[in-house]
Amino acid sequence: MQITSLDTVSKPEWQKQHDQSVLFIKKYSGKRITTEGFRHFAELTYTDISRSGVSFLIATVRGDRGPTLAGVSFISGYGEHACLIVVHPLYRGRHVGTSLMSSQLIKIGKISCNVALDNVQSLQMCFNAGLTAGSLHIGPTGKPCLRLHGEIRNDYTPTTSIQEEGEPICHVPS
């Protein structure tokens, strides 16, 4: 698996990846992300990506026809405006989301986000990436949510490893 930050690619390549990612999120999010978070991502522009606290990462795996999108992650306002991670169903449970969240934390230094209590997989992903729960509140959809925080300190050592190209995650599930 390879995680790529899209703040270093050309504008045409960025637009292509963004358009594919919007469709990917619509198809595979399972309606687990907020409308507001999706709107922030859909309206993202090439110049927005250079702002502090904004990051757009993709996870790809090697496929028969070249790189295949396995996951998408977008953070805006260090997670205050939007924080979303969507993983293709074939790659769930293989730490793709955790790798994306850990990479986001390393890239932008701090993250705050809200996760609904009934979204156990997302909570587990956040905890695995080193985020901690700070408070409980009612979220925008009316569900109870945990407020999660993560910050890179000077003595930080990642607890998750990003899988290398060719590791078992790239194999077709049987």
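In which crossing, left-handed or right-handed, does H1 pass H2? I found a left-handed crossing. The model I worked from is predicted.

**Helix pair**

I looked up the geometry next. Two packed helices are described by the angle between their axes and by the distance between those axes. Helix H1 covers residues 11–28 and helix H2 covers residues 35–42. Their packing angle is about 165°, and the axes are 10 Å apart. H1 is therefore roughly antiparallel to H2, as angles over 145 degrees count that way.

Then I listed who meets whom. H1 brings His18, Ser21, Val22, Ile25 and Lys26. H2 brings Phe38, Phe41 and Ala42. I sorted the residues of this contact by type: five are nonpolar, two are polar and one is charged.

**Cores**

I moved on to the largest nonpolar core, which has 24 residues. Which of them touch the most other members? I noted Val96, Met101, Ile111, Cys126, Leu131 and Leu148. At least two core residues come from each of these elements: strands S2 (55–63), S3 (66–76), S4 (82–87), S5 (110–116) and S7 (144–151), plus helices H3 (96–108) and H4 (120–128). H3 gives the largest share, five residues.

Another core lies apart from the largest one and holds 20 residues. Phe24, Phe56, Ile58 and Phe74 are among them.

**Gly97**

I found Gly97 in helix H3. Is Gly97 buried or exposed? Its relative accessible area is 9%, and the cut-off for buried is under 20%, so I logged Gly97 as buried. Beyond four places in sequence, Gly97 is in contact with Ile85, Val87 and Met125. I also checked Leu84: Gly97 and Leu84 are 13 residues apart in sequence, and their C-alpha atoms are 9.9 Å apart in space.

**Positive phi**

Last, I looked at backbone angles. Most residues other than glycine have a negative phi. Tyr78 is not a glycine, yet its phi is positive, about 55°. I placed Tyr78 in the loop between S3 and S4. Tyr78 counts as partly exposed, at 23% relative accessibility. His95 is not a glycine either, and its phi is positive at about 70°. I placed His95 in the loop between S4 and H3.

Conventions: Residues are numbered from 1 along each chain as its sequence is written. This is a predicted model: local features need pLDDT of at least 70, side-chain atom pairs count only at pLDDT 80 or more; totals for chains, interfaces and linings use all residues. Side-chain values use heavy atoms; hydrogens and water are left out. Axes are lines fitted to C-alpha atoms, for helices over the stretch in contact, and angles run from 0 to 180 degrees between N-to-C directions. Helices (H or I, at least four residues) and strands (E, at least two) are DSSP runs, numbered from the N terminus. Angles under 35 degrees count as roughly parallel, over 145 as roughly antiparallel, 65 to 115 as roughly perpendicular and the rest as oblique. A crossing is left-handed if the near helix is turned anticlockwise from the far one by less than a right angle, and right-handed if clockwise. Contact means heavy atoms within 4.5 Å. Ala, Val, Leu, Ile, Met, Phe, Trp, Tyr, Cys and Pro count as nonpolar, Asp, Glu, Lys and Arg as charged, and the others, Gly among them, as polar. A nonpolar core is a set of buried Ala, Val, Leu, Ile, Met, Phe, Trp, Tyr and Cys residues joined through side-chain atoms within 4.5 Å. Buried means under 20% relative accessible area, exposed over 50%, partly exposed in between (1.4 Å probe, protein chains only).
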